[in-house]
Each structure stands twice: as C-alpha cells, then as structure tokens.
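Please examine the sequence and the structure shown below, and then work through the exercises in order.

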Amino acid sequence: MKLYTVEVNNQQYVAAENRNKKLVTLDSMGIKVKDMNELIVRYDELRDGIGKALAVNENAGMEAGEYRIKAPIPVPWQDVICLGVNYRAHIEETVDVLDFTKKADTVYFSKRVNTANDPDGMIPVYDFVDSLDYEAELGVILKKDALNITVEEAAAYIFGYTIINDVSARNLQFKHQQWYRGKSLDGYTPMGPCIVTADEIRNAHDLAISCYVNDEKRQESNTGYMITTVEEAIAELSQGMTLKSGTIIATGTPGGVGMGMKPPVFLKKKDVVKCEIEGIGSLVNTVG
Ligand code: MG
C-alpha cells in the first residue's frame, strides 16, 4: 500500500492509493485516524479494512489539483535516527574531510525534525550556512516498539519505506564537531512523497537510488550497497534502547554528494534537487 498525507482545504488527511493510482482519504472511506502516526501504531488492526475499502473505492479518488502532498509524517514523534557513511563510495569521497575508511562499527547520529519538509517544499537558505548539501536516503519507519530484537526478527517491525533528503550544512557539521546542528535546521528534512508499506517492497536492499541537481545526475547507486543493512541497524539500535513505534531511520547516502566533488560544489539559491528511489517516487525540492 502507498500511504500519503495530503492537504485538502487546509486540512490534513491520511490517504491511500487505489488500483487506479488515485488517492482516497481514509476519512472518506469511514476510517478515522488523526494522522499518519496513529495509522502506524494501529496499522495491523486497520490494514485489512483499508484494503477492502480501497477495493470498494477503486473508481473513486481525488483529482490532481484537489490536494497537496505533504511529508507522509509531517510531525515525527522523535528525532530521526541517521546512519552516517553507510555506503563505501561515500566513505571514499569524504576521506579528505574525515577518514572513516577504517571504521569497524556503524555511525549513528540524530537529526531534529520539528516539521518534515514537503516532497516539493522549499529548502531554506540561511546566511550562516555556506556549504549546503544534499543526501538522498532510504527512510525506514517502524510500526511497533522494538527492544532487544535480533536481525532475523527486525523485518516484522518495519512499517514501510520512504525517501529522505538528509539536507546538511557542512560548515555547521564540522564547526560543532557533532553533526546534530548542521543536519537539524528547519526545512532540512524533505520526506516522501509517500510511505510504501513493507509488504510491497520485495527487497529493500535492491532499490535504485539517485539524486539530481538541476537535471545533472549527482548520485546513482543501489540500496544493496549499504554497509549496515536496515535489519542490522534496527537490531543493533534496539539493544538496550526501545525503538518506539513511529521511529524513523535514515539509512545513509551513497557517493556523489556536493562535499565529495573535486572541488566541492554546494547548493545555491534556485537549485532544484531531485531524490529518487525505485518503487517509492521522488522528492523535488528547490533551494529558496
Ligand atoms: Mg545522511
């Protein structure tokens, strides 16, 4: 199932895509949820009902122009957990800045997301950021609390997948040594356009992932090149730390970021950044 958060007449609704690729709000099918976070928590209970309602409504749905697509989880319950340097090519391109070539363990860090940016939202420009960069990443959302689970058990905890652009202010990342501030500015987490539920992603580690800046291809890889897999990350993070339902994990970016170019090339006003993942869709954000 492809699940969206949409805005209709200034009101937000959770919507699902029917067989004719039209979006139908759960509300209009008599399924009441406050937002995507509530749907995530109640998904196992509501899934069959949504499936049946979509079949009944296969000729219904909104026309383009009647709604705006928002980030699927506009207000995450917690910071997004991020994996750093999780693709070999990204480790190699950033070796001049920080040498992670000999790292043995996964790098985890956190990203504040008060409000996720829309899949077509403007990436804001701040006068104290001189090195704005993009990072196309596969986002993973958990549907139930995970504590002390194994790699083999992890799949059962995954609600679905989305695209995240882990927008980064490189100068702030390095100025403060920890990456938190440089990753967390308002507007730095474009997300979406939808969540594809886990049952519809045959293999989360075999998805084409790419990023374009003004139609120039900058990143082109496959999620199969992740060093730490989604399941390994969930299992490891869950040791001694409960990963709550609704947790969002950004799984790292492939090679090709602006910081890794020789010389580095950073985003500037009016640049259009498109992050794409096979089977999920794309984010198209303009730097404003
Ligand atoms: Mg990242």
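**Exercise 1.** How many bridges join strand E13 to E14, and do the two run parallel or antiparallel?

*Solution.* The model is predicted: local features need pLDDT of at least 70, side-chain atom pairs count only at pLDDT 80 or more, and totals for chains, interfaces and linings use all residues. Residues are numbered from 1 along each chain as its sequence is written, and side-chain values use heavy atoms, without hydrogens and water.

Step 1. Strands are DSSP runs (E, at least two residues) numbered from the N terminus, and two of them pair if DSSP finds at least two bridges between them.
Step 2. E13 (residues 208–213) is joined to E14 by six bridges, and the two run antiparallel.
Step 3. Within this pair, Val213 stands opposite Glu216 in E14.
Step 4. E13 and E14 form a hairpin with two residues between them; Asn214 in the turn has a positive phi of about 50°.

**Exercise 2.** Determine the strand order of the open sheet of five strands, and explain which strands stand at its edges.

*Solution.*
Step 1. The order is E7-E17-E16-E13-E14, with mixed pairing.
Step 2. E7 (122–123) and E14 (216–222) each have a single partner strand and stand at the edges, so one side of each lacks a neighbour in the sheet.

**Exercise 3.** Describe how strand E16 is joined to strand E17.

*Solution.*
Step 1. E16 (residues 272–277) and E17 (residues 281–287) run antiparallel and are joined by six bridges.
Step 2. In this pair, Val273 stands opposite Asn285 in E17.

Terms used. Helix = DSSP H or I, 4+ residues; strand = E, 2+ residues; numbered from the N terminus.
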